[in-house]
Amino acid sequence: MSVNPQQFLRELFATAIDAAHPQQVLEAHLPKDRSGRVIVIGAGKAAAAMAQVVERCWQGEVSGLVVTRYGHGAPCEKIEVVEAAHPVPDAAGLAVAKRVLELVSNLTEDDRVIFLLSGGGSALLALPAAGITLADKQSINKALLKSGATIGEMNCVRKHLSAIKGGRLGKACWPATVYTYAISDVPGDLATVIASGPTVADPSTSAEALGILKRYNIEVPASVRNWLLSPESETVKPGDPSLARSHFQLIARPQQSLEAAAVKARQAGFSPLILGDLEGESREVAKVHAGIARQVVLHGQPLAAPCVILSGGETTVTVRGNGRGGRNAEFLLSLTDSLKGLPGVYALAGDTDGIDGSEDNAGAIMTPDSYARAAALGLSASDELDNNNGYGYFEALDALIVTEPTRTNVNDFRAILILESPKNDA
C-alpha cells in the first residue's frame with residue numbers, strides 16, 4: 001500500500017475539520033422563512049464564520065454582534081465581529097457580553113434572534129454576576145484550567161458565576177423567538193455544557209459549583225463564596241416559562257468529524273476503529289491508545305493492520321511542570337513514551353480549532369522514529385512529560401502541525417495509523 005503516512009494523517013485531520021465547518025453545516029438548519037428582520041448574536045471560535053453564512057443566506061434585514069477568539073474573526077458586512085481572549089476572559093469579552101445583553105433586552109414577541117454558539121463561547125462571553133469582578137473570574141478560570149477539572153465541571157462553575165450563561169441570555173431575550181445553532185465541542189454534546197448553555201435551561205446547582213471548587217482545592221474570594229451561597233446565583237431551571245420560545249439545534253458534533261475521517265480511511269484501504277468522545281488526563285488516555293495500538297501490531301486485535309484508530313473528545317492536563325504544550329501535544333508525548341518507537345505506528349493529535357491550548361500550533365505528529373530522534377537530540381520523552389513540555393519536544397523534531405485558526409471547533413481529533421502487519425508471537 002503506497003501512502004505517505006504523515007501526509008495521510010494530515011488529510012484525515014483536514015477532513016475532520018471540513019466536516020464541522022459552518023460553511024458546510026449551518027445553512028440547512030436555518031429557518032425556512034428567512035424574510036423579515038433578524039438580530040444575530042454569537043459567541044465561540046466558529047462565531048464569525050457562522051455569521052458569514054447567515055449574512056449570505058438571509059433575505060431580510062440582518063444586524064447583530066458576535067464575539068470570537070483573537071485571530072478567529074472573519075469579514076462580515078452587517079454583523080459586527082469582535083475578538084476577545086480565550087481560554088481566560090479579558091476586558092474585551094466583558095465589554096462585548098454587556099453589549100450582547102443590551103442588544104437582546106426589551107425585544108417583543110415579533111422579534112427573532114439567531115444565536116450562533118460554538119466552543120470557546122463560555123470564556124468569550126464573560127459577564128460576571130453582581131458583586132464578582134472580572135479578576136475573580138480570571139483567577140478561578142486559570143485555576144480550573146490547571147486543575148484537571150473536566151469541561152463540564154469548569155462550565156458548571158462558570159455559569160453560576162455569570163450574568164449571561166446558564167439560560168440567562170435566553171431569559172433576557174424573552175418574549176422574542178430565539179434560534180440557537182450550536183457546534184458541539186464537548187463529550188456527549190450536552191446543550192447545557194456547550195459554552196455553558198447561555199440560552200438553555202440548566203439543571204446544575206450552585207451547591208455543585210461550590211463542591212467542584214472544593215474538590216480541586218481552588219481558593220475563592222469571600223464575594224464569590226457568598227454569591228454561590230445566595231439563591232440569586234441559581235441558573236434558569238428546566239420548565240422556566242422565559243425559555244418557552246427558545247429553540248436549540250445542534251448542527252455539528254465531534255462524531256460527524258470522526259465518521260468523515262473513517263470514510264476517508266476506508267476509501268484508502270485502512271480499517272477504521274472509532275473509539276468516540278473521550279475524557280480524562282491526556283497522558284492516561286494516551287496509554288490506553290498505546291495499549292490498543294500494541295495489541296493491533298502484536299496480535300491483530302481488535303482489528304488487523306492496516307488500520308486507523310480514531311478518537312475525539314476533550315482530555316485534560318494537570319499542569320505540574322513549566323514546559324509548553326496543550327493537551328494534544330501532551331497526549332502525543334505520552335503516546336511516544338509508551339510506544340518507544342513501535343514499528344509501523346504513526347499518530348496525529350490536534351485541536352480542530354487550530355489552537356492546541358494557548359499555543360500557536362493545532363497539534364503534532366508522531367512517527368516510529370520520533371522516540372529515537374528525540375533521544376539523539378538529548379530529549380527524554382518521560383522527562384519532557386514530567387515538565388508538560390509536549391510543544392518543545394515536537395518542535396525539536398519539526399513535527400508540530402500549524403494550521404492557523406480554522407473557525408470551527410469540535411474539539412480534539414486523534415488518529416493512530418498502523419501499517420505494521422500483525423506478528424504471531426506463538
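**View 1. Asp-353 and Lys-45 in the predicted model.** Asp-353 sits in the loop between β9 (345-351) and β10 (363-366) and Lys-45 in the loop between β1 (38-43) and α3 (47-57), so the pair links parts 308 residues apart in sequence. The model is predicted: local features need pLDDT of at least 70 and side-chain atom pairs 80 or more, while totals for chains, interfaces and linings use all residues. Residues are numbered from 1 along each chain as its sequence is written, and side-chain values use heavy atoms, without hydrogens and water.

**View 2. Glu-80 and Arg-99.** A salt bridge joins these side chains at 2.7 Å, N to O. Glu-80 belongs to strand β3 (residues 79-84) and Arg-99 to helix α4 (residues 91-104), so parts 19 residues apart in sequence are tied together. Glu-80 is partly exposed, at 37% relative accessible area.

**View 3. Asp-202 and Lys-159.** The side chains meet in a salt bridge of 3.1 Å, N to O. Asp-202 lies in the loop between β5 (177-183) and α9 (206-215) and Lys-159 in helix α7, so the pair connects parts 43 residues apart in sequence. Asp-202 is buried at 2% relative accessibility, and Lys-159 is buried at 4%.

**View 4. A salt-bridge network.** Shared partners join Glu-314, Arg-327, Asp-351, Asp-412 and Arg-414 into one network.

Methods:
Helix = DSSP H or I, 4+ residues; strand = E, 2+ residues; numbered from the N terminus. Salt bridge = Lys/Arg side-chain N within 4 Å of Asp/Glu carboxyl O. Buried < 20%, exposed > 50% of the residue type's maximum accessible area, 1.4 Å probe, protein only.
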